[in-house]
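Morning, everyone. Let me put the model up, and then we go through it from the whole chain down to single ring pairs.

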Amino acid sequence: MIWFALLFLFAAPFWEAKAPADWTDSEVALLLTDSPWAQPLTAAGNGNGAPVQMYFATALPMQQAERERDRRFKRKRPGPPQTDELAAEYRVWMEENRATQIVIAVAVGNNPAFSNDQETRQMEQECVMRVGRKKFKITGHFPPTANDPYLRLAFPRQVGPADKTISFDLYLPGVELPYRSAEFPVKDMSLKGKPEM
């Protein structure tokens with residue numbers, strides 16, 4: 001019985017043990033919501049706002065999970081492909097910048113606050129990533145669209161081997177209690193023993 005428990009304890013997580021096409025729908029959802037690269041953002045202070053989900057969009061397991069989610073969604077709802085120029089622009093940008101940027105995806109929905117210049121400026125000024133004692137502002141962002149309800153925020157890839165945590169303090173336009181935060185242990189975000197963000 002002890003051997004079985006030890007085998008279970010040291011078994012590779014599903015994102016390492018199985019190909020993305022073999023992940024169940026529940027596993028895809030779990031990876032995007034409650035994994036080393038994903039968690040809900042907490043409201044600042046004592047606020048109890050509705051959960052706002054975020055994940056590291058540049059982490060390879062998350063990119064695979066996004067592709068699987070989108071592939072399965074298209075398979076369930078066949079029809080003519082919908083064009084989303086901003087989503088296409090983001091994909092091209094991601095391919096060119098993944099090595100130098102960390103991108104987080106935040107589920108804010110396609111809300112009208114992103115057409116408000118003042119709200120966008122506030123987001124650009126107040127969103128920060130903290131790595132140890134270092135603080136970094138966003139280097140760019142892609143607002144949510146009708147086809148992609150995630151705000152994508154880019155930060156410089158400035159995480160070293162000695163860094164223990166990455167945390168985010170965000171201002172999210174159009175979200176109840178817009179000041180949100182999250183912290184991730186760097187050691188947990190690894191794929192086959194190598195850091196993956």
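Start with contacts, meaning heavy atoms within 4.5 Å. Among contacts in the protein chain between residues at least 6 apart in sequence, 65% join residues at least 24 apart.

Ground rules next. This is a predicted model, so local features need pLDDT of at least 70, side-chain atom pairs count only at pLDDT 80 or more, and totals for chains, interfaces and linings use all residues. Residues are numbered from 1 along each chain as its sequence is written, and side-chain values use heavy atoms, with hydrogens and water left out.

The chain has 197 residues, and 42% of them are buried. Buried means under 20% relative accessible area, exposed over 50%, partly exposed in between, with a 1.4 Å probe and protein chains only. The accessible surface is about 11700 Å². Carbon and sulfur atoms account for 56% of that. Areas are Shrake-Rupley with a 1.4 Å probe; for residues, only the protein chains shown count as cover.

Secondary structure: six helices and 11 strands. These are DSSP runs, H or I of at least four residues for helices, E of at least two for strands, numbered from the N terminus.

Now the sheet. Nine strands form an open sheet, in the order β5-β4-β8-β9-β1-β2-β3-β7-β6. The pairing is antiparallel. Two strands pair if DSSP finds at least two bridges between them. What stands at the edges? β5 (134-137) and β6 (140-142), each with a single partner strand, so one side of each has no neighbour in the sheet. On average, neighbouring strands are turned by 25° against each other, direction ignored.

Look at β9, residues 179-185. Its covered face carries Arg180, Ala182 and Phe184. The uncovered face has Tyr179, Ser181, Glu183 and Pro185. Seven bridges join β9 to β8, residues 165-171. One partner pair there is Phe168 with Ala182. Two bridges join β9 to β1, residues 38-43. Thr42 stands opposite Ser181, and Ala43 stands opposite Arg180.

Helices on the sheet. α3 packs on it, touching β1 and β2 (52-56), and its direction makes about 45° with that of β1. Axes are lines fitted to C-alpha atoms, for helices over the stretch in contact; angles run from 0 to 180 degrees between N-to-C directions. Which residues of α3 (25-33) are buried? Glu27, Val28, Leu31 and Leu32. Seen down the axis of α3, they fall within an arc of 130°, so they line one face of the helix. That arc is taken over the directions from the helix axis to the C-beta atoms. Helix α6 (117-126) lies across β4 (128-131), β5, β6, β7, β8 and β9, running at about 155° to β8.

Last topic, the rings. There are 11 aromatic pairs. Rings of Phe, Tyr and Trp (its six-membered ring) pair if their centres lie within 6.5 Å; planes under 30 degrees apart count as stacked, over 60 as edge-to-face, the rest as tilted. Phe14 and Trp23 are edge-to-face, 5.8 Å centre to centre, with 85° between the planes. Both are buried. Ring pairs link Phe14, Trp15, Trp23 and Trp37 into a cluster.

Back to Phe168 for one more pair. Phe155 and Phe168 are tilted, 5.4 Å centre to centre, 55° between the planes. Phe155 lies in β7 (150-156) and Phe168 in β8, so the pair ties together parts 13 residues apart in sequence. Both Phe155 and Phe168 are buried.
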